[in-house]
Amino acid sequence: MSLSRVITNAVEVARRARRPSPAFTLLVANLLLFPLTAILFTLAYLRSLPHVRHSSKRSARGRTQSGNPLSSKPLTIFITGVGTPQGLKLARSFYQNGHTVTGADFESAGLWSKSCARFSRALHTFHPLSPNNDPETWENYTREVLTIIRTKVSCDLFIQCSNLPNSRVDSHLKSLVERFSRSKVISTCAFGFPFHVACEVSTDWMFSDWIEEAGLSLRAKRVRVVKSRAQVHKALGAAGRDAKFAIQLRSLSSKPQSDTLLPRSTMNETYHIIAGLDISEENSWILRELVEGAEYGVDAVSVDGEVMGCVAYRVLSPRALPTHTNIHVTPEDSRSRIESISLASALGRSLHHFTCEMALHEALTAHFSLRFVVVEKPTPRGTEQVIYPTSCVPRPSTATALLSPEDGMRQNQVYCMAHRKTGASVEPRVIENHVTDDHAAGPFTRTKAYNVQHEFSELVVGRLRSSLLDLLKGIFQFCYLLLSPEWMEIRFDVWDPVPSFWEWQVRWPLQLLAELT
């Protein structure tokens, strides 16, 4: 469909509608701001030119000097999902430190599907991947990535940043890359989980069982697959009176088909509700403990079971894009704002300790992200924080946006060291652990990050129908995020502004237009 036809259909939809749709409102607001953002991005682009020339000279020196401290030799890095915030951050960091970066990301025929990463200065080459059409096996994705690695990219290090819904796909692809690319690629290192670990943490109920069997220091929230009413009663009895659960039908769909709170106010009512559920071996249900609290996360890099660096953060605004649209929003991108927390704090030390336990238990060489829910409970001595691990993702998260250039260089050292450890010689450790039992240092950096698209739609467009005071507050908060030195946008970088401009002023408006047709 031509762009003119898309615009005509969008205008017709808006004319017929009694009230403009959220997508149409976002589109109009985005277009109205186009002149201002175009000027700002142009200034950023012109300002970045001297930095790019300096960075290119430094990268060239890194590729030619044998004494480069980052690695025995510059590496060729292949990153999938390079259009994600974490993929872009890693690509830029590797490029600035003298490595050659090749990227790949999902793209379809429409202009609005083009990845912003293909316009990044950090990439040497970009390879489009076909949109997935086999959500269970992801065979096309696996086949295309293997083809690129075996025939087009002689990579030394393969990093997956694609937001795949199944961590087993990540691990399966890792094993295939390491098995079938060694004839063409020397010392290929695919960063990720072993297959058996990926299977054990791929769902919340498996993750809960795995933590319990591993005997780690924290207890995950209780999640059980129940196949009989007796198992429901047993789980409720073992949890105690204060625990609250939601039971839902297990389905291949991510959306729950039914949701019931247990236990009820009386035992008789609880028995009545459970008796009405159709539970059997063929029709299993999932019983999830309800835990309400603040959401935290840890993004960590480990080598041979040793956590070489991590950043802990709090999710300040866990709401997703408030527009009821079908715009592609990944689970990581749906977190609007994140703020790093000090690993020297009591909470930071606890999160770091659990992360180290998990990495050591499986001798992981991986980049992974953990999620936690922290519940505050009153005690006679004050307030107690109870930490519940909720999920594990064997990929980098948007928390990589919190890393400063110096922190990114340290992270590159860890990756390079992991690559060298796959060869014959093992070099000494480059980075000490950031936290030990008797000493605690700060995290990689102490900044805050946000997604400009989500904040704009929540703080500005989402309040257009609210009172004038609420709208002005939202505009003020949005401007504060843009101008404050302690906040950074997850995709924007002053020396590489084109990807952000494409995502904000080209791809997103075209997605909105396509949705209105």
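The protein chain holds 15 helices and 16 strands, where helices are DSSP runs of H or I with at least four residues and strands are runs of E with at least two, numbered from the N terminus. The model is a predicted one, in which local features need pLDDT of at least 70, side-chain atom pairs count only at pLDDT 80 or more, and totals for chains, interfaces and linings use all residues. Residues are numbered from 1 along each chain as its sequence is written, and side-chain values use heavy atoms, with hydrogens and water left out.

Let's start with the whole chain. Of its 517 residues, 52% count as buried; buried means under 20% relative accessible area, exposed means over 50%, and partly exposed lies in between, with a 1.4 Å probe and protein chains only. Among contacts (heavy atoms within 4.5 Å) between residues at least 6 apart in sequence, 70% join residues at least 24 apart.

Helix α4 covers residues 85-96. Its 12 residues reach 17 Å from first C-alpha to last, close to the 16 Å expected at 1.5 Å a residue; the expected span is 1.5 Å times one less than the number of residues. How enclosed is α4? Because 11 of its 12 residues are buried, α4 is largely enclosed by the rest of the structure. Among the buried residues are P85, L88, R92, F94 and Q96. After α4 comes G98, with a positive phi near 95 degrees.

H127 sits in strand β3, residues 125-129, and counts as buried at 13% relative accessibility. Leaving aside neighbours within four places in sequence, H127 is in contact with T102, G103, A104, D105, I148, K152 and V153.

Next come the helix pairs. Helix α5 (residues 139-151) and helix α6 (residues 167-180) pack at an angle of about 30 degrees, their axes 10 Å apart. Axes here are lines fitted to C-alpha atoms, for helices over the stretch in contact, and angles run from 0 to 180 degrees between N-to-C directions. The two helices are therefore roughly parallel to each other: angles under 35 degrees count as roughly parallel, over 145 as roughly antiparallel, 65 to 115 as roughly perpendicular and the rest as oblique. On the α5 side the contact is made by Y141, T142, V145, L146, I149 and R150, and on the α6 side by V169, L173, L176, V177 and F180. These residues divide into 9 nonpolar, 1 polar and 1 charged, with Ala, Val, Leu, Ile, Met, Phe, Trp, Tyr, Cys and Pro counted as nonpolar, Asp, Glu, Lys and Arg as charged, and the others, Gly among them, as polar. An α-helix has 3.6 residues a turn, so residues three or four places apart point the same way.

Further along, the axes of helix α8 (residues 204-214) and α11 come within 12 Å and cross at roughly 80 degrees. That makes α8 roughly perpendicular to α11. F207, W210, I211 and A214 of α8 meet F354, M358, H361 and E362 of α11, a set that divides into 6 nonpolar, 1 polar and 1 charged.

The loop between α8 and β6 (223-226) holds R219, which is partly exposed at 36% relative accessibility. Not counting residues up to four places away in sequence, R219 touches E289, I387, Y388 and P389.

What about the pair α13 and α14? The axes of helix α13 (residues 452-460) and helix α14 (residues 468-483) come within 8 Å and cross at roughly 160 degrees, and the helices are therefore roughly antiparallel. α13 passes α14 in a right-handed crossing. Contributors to the contact include F456 and L459 of α13 and L471, F478 and L481 of α14.

Finally, some backbone details in loops. P263 lies between β8 (260-262) and α10 (267-275), and the peptide bond from L262 to P263 is cis, with omega near -10 degrees. D304, although not a glycine, has a positive phi of about 55 degrees; D304 lies between β10 (294-303) and β11 (306-317) and is partly exposed at 47%. A363, also not a glycine, has a positive phi of about 50 degrees. Its loop runs between α11 (346-362) and β13 (366-379), and A363 is partly exposed at 48% relative accessibility.

Methods: A crossing is left-handed if the near helix is turned anticlockwise from the far one by less than a right angle, and right-handed if clockwise.
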